[in-house]
Amino acid sequence: MSDLLSTFKKPEERLEDLGLDGLTILQNPQAFRFNIDSVLLAWYASGAVHMRTKTADLGTGTGVLPLLLYGRTHTGHIDAVEIQKEMADMAARSVAMNRLENKIHVFCSDLREEPGRHLTRGAYDVVITNPPYMPKGQGAVNPDRPLAIARHEITCTLDDVAAAAQALLKDRGKLFMVHRADRLVDLCAVLRAHTLEIKRIRPVQPFPDKPANQVLLAAAKRGKPGAVIEAPLSVYSEPGVYSDAINRIYGTDGPVPKVFR
């Protein structure tokens, strides 16, 4: 096993168990690492994904979303793009380590230029994305460029992400996204401008008595107006203790989100 692992793992990286279907992922403790946002987004999108669904992940980072989504659904085709070479390489090695190269395809590519390059326009049933949360010019920018790119709209804006998703999705195709709650108005305006109609919003709050700080969104390309605001999802029941809902999501026995139309 150690000899096989050395084929994929660099000395500065470590192997993490995703706790799902025996899948593992490579992570660099000194660089950007996935967090609960990705776990929630993969769960939220899983109800719309099945064996024959064609899915695109925009800004895959280390490839956690495709791995989690595959682990939940055993879907047959996920294309993932990532602009940073080091991240894309790590994602591709994690995919190969899990022997999923025929299911998950990683491209080092700029999503602003992507539709029509590696990913076919109008070919995808589902697009998933965990984009940078902070607009350029707001908040302190991390001096480490890979971390800055992951958190701030440096290489792509929310408008860029929406344009790419709109170009890649089939009509009535579904977009799933996680973002900051305080940018909800921006999200509604930008997505609608690209004919992506929000259909479901799931607020995510740190504790049951606290305001939401994140939202999970589901939108449909050329969908009819009308959104459902779902019950809030509380991450913790008390400091340091995940809620029952989060424990069910981290397990696989929780309810699969309903598919919207």
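In strand E6, the bridge partner of Leu58 is Thr129. The model is predicted: local features need pLDDT of at least 70, side-chain atom pairs count only at pLDDT 80 or more, and totals for chains, interfaces and linings use all residues. Residues are numbered from 1 along each chain as its sequence is written, and side-chain values use heavy atoms, with hydrogens and water left out.

Start with the strands around Leu58. E3 (residues 54–58) and E6 pair in the parallel sense over 4 bridges. Two strands count as paired if DSSP finds at least two bridges between them. E3 is also joined to strand E4 (residues 77–82), by 5 bridges, and these two run parallel. Leu58 has a bridge partner in E4 as well: Val81. From E6 the pairing continues to E7, again parallel, through 5 bridges. There, Val126 has Lys174 of E7 as its bridge partner.

How covered are these strands? Strand E4 has 5 of its 6 residues buried, so the rest of the structure largely encloses it. Buried means under 20% relative accessible area, exposed means over 50%, and partly exposed lies in between (1.4 Å probe, protein chains only). Strand E6 (residues 124–129) is mostly covered too, with 5 of its 6 residues buried.

Helix H3 (residues 64–73) comes next. Here 9 of the 10 residues are buried, so H3 is largely enclosed by the rest of the structure. Among the buried residues are Val64, Leu65, Tyr70 and Thr73. Just after H3, His74 takes a positive phi of about 55°.

Leu187, Val190 and Leu191 are buried. Seen down the axis of H7, its buried residues fall within an arc of 95°, so they line one face of the helix. The arc is that of the directions from the helix axis to the C-beta atoms. An α-helix has 3.6 residues a turn, so residues three or four places apart point the same way. On the other side of H7, Val185 and Ala193 are exposed. What covers the buried residues of H7? The cover includes helix H6 (158–168), E7, strand E8 (196–205) and strand E9 (214–221). Just after H7, Thr195 takes a positive phi of about 55°.

Now the aromatic rings. Rings of Phe, Tyr and Trp (its six-membered ring) pair if their centres lie within 6.5 Å; planes under 30 degrees apart count as stacked, over 60 as edge-to-face and the rest as tilted. By this rule the count comes to 5 aromatic pairs. One of them joins Trp43 and Tyr44, which are tilted, at 6.1 Å centre to centre with 45° between the planes. Trp43 is buried at 7% relative accessibility, and Tyr44 is buried at 1%. Tyr44 also pairs with Phe176, edge-to-face, at 6.1 Å centre to centre with 85° between the planes. This pair links distant parts of the chain: Tyr44 sits in helix H2 (residues 36–46) and Phe176 in strand E7 (residues 169–180), 132 residues apart. Both Tyr44 and Phe176 are buried. Elsewhere, Phe207, Tyr236, Tyr242 and Tyr250 form one aromatic cluster.

Charges meet rings as well. A charge sits over a ring if NZ of Lys or CZ of Arg is within 6 Å of the ring centre and within 35 degrees of the ring normal. Arg200 lies over the face of Tyr44, at 4.4 Å from the ring centre. The charged end of Lys54 sits over the ring of Tyr124, 5.1 Å from its centre.

Ser234 is buried, at 15% relative accessibility. Leaving out residues up to four places away in sequence, Ser234 touches Gln205, Phe207, Pro208, Ser243 and Ile246. Contact means heavy atoms within 4.5 Å. Asn247 is found in helix H8 (residues 244–250). Asn247 is partly exposed, with a relative accessible area of 42%.

Finally, the whole chain. Its secondary structure comes to 8 helices and 13 strands. Of its 261 residues, 52% count as buried. Among contacts with a separation of 6 or more, 70% are between residues 24 or more positions apart.
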